[in-house]
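Hi,

Here is the structure I promised to pass on. Have a look at it first, and then read my notes below.

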Amino acid sequence: MPRSFRVADFLFEPHAPVSIPIARGGLFAVRRVYCVGRNYAEHIKEMGNDVRDPPFFFAKPADAVVVGGAAIPYPPQTEDFHHEVELVVAIGKDGADITVENALDHVYGYACGLDMTRRDLQAIAKKAGRPWEMAKGFDASAPVGTIEPASAIGHPQSGAISLLVNGVERQRGDLGDQIWSVAETIAYLSQFVTLKAGDIIMTGTPAGVSAVVKGDVLEGEIVGVGKVRTVIA
């Protein structure tokens, strides 16, 4: 049986769990944050990569998630801070080696989110063949909107995804343009790790990524799913 703990057993008080609001009420406790690299052909082309590559994944810490439209700081050690608007998949059922046919049974719901990126650090890491953590997994790098349960909105296969910066459109695409569908992504990722309730998957961004500066207002939207908003402080 799992051992029970008291706060007094810990060296310091444990951090509160990270959670995302659910549209119909309640909170979704975040366990892990997985991100898909290069899942829209036009974004792959603008970054100078090959559209034929299989999917790959990187991660952000759970406490990179920011909710409620809170502002995020312009991060240190970068001069090229980019936005990437993405569909966020909230996993509600554990599983490993999941089939494509059963993959959507593991989805609790969906949200709109931002994968914020230190693009200059990412370029350096790519050139040196090093990990992307400091380019992708830094503090407040994953603003996420409210989760809509799949029981209410279904499993969106298409729908406009866009991002405005200070009211001007920067990114626009369609969920139908994803190279790897949500079901295929879940099935592929679950070959490498056991997915558990509380995991979220950020599924890649369409073309149009570009730099933001302090004071910029970012507003992302996925039609039929929801919105995300933040300000660069």
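This is a predicted model: local features need pLDDT of at least 70, side-chain atom pairs count only at pLDDT 80 or more; totals for chains, interfaces and linings use all residues.

Residues are numbered from 1 along each chain as its sequence is written, and side-chain values use heavy atoms, with hydrogens and water left out.

Start with K60 and D115, whose side chains meet at 2.8 Å, N to O. K60 sits in strand β4 and D115 in the loop between β8 and β9, so this pair ties together parts 55 residues apart in sequence. (Strands are DSSP runs of E, at least two residues, and helices runs of H or I, at least four, numbered from the N terminus.)

Next comes E84, which forms a salt bridge with R119 at 2.7 Å between the closest N and O atoms. R119 belongs to helix α2, and the two are 35 residues apart. Both E84 and R119 are buried (under 20% relative accessible area; over 50% is exposed, in between is partly exposed; 1.4 Å probe, protein chains only).

E84 also meets K136 in a salt bridge, 3.3 Å from N to O. K136 lies in helix α3, so that pair joins parts 52 residues apart.

Put together, K60, E84, D115, R119 and K136 are linked in a network of salt bridges.

Cheers

Definitions and conventions: A salt bridge is a side-chain nitrogen of Lys or Arg within 4 Å of a carboxyl oxygen of Asp or Glu.
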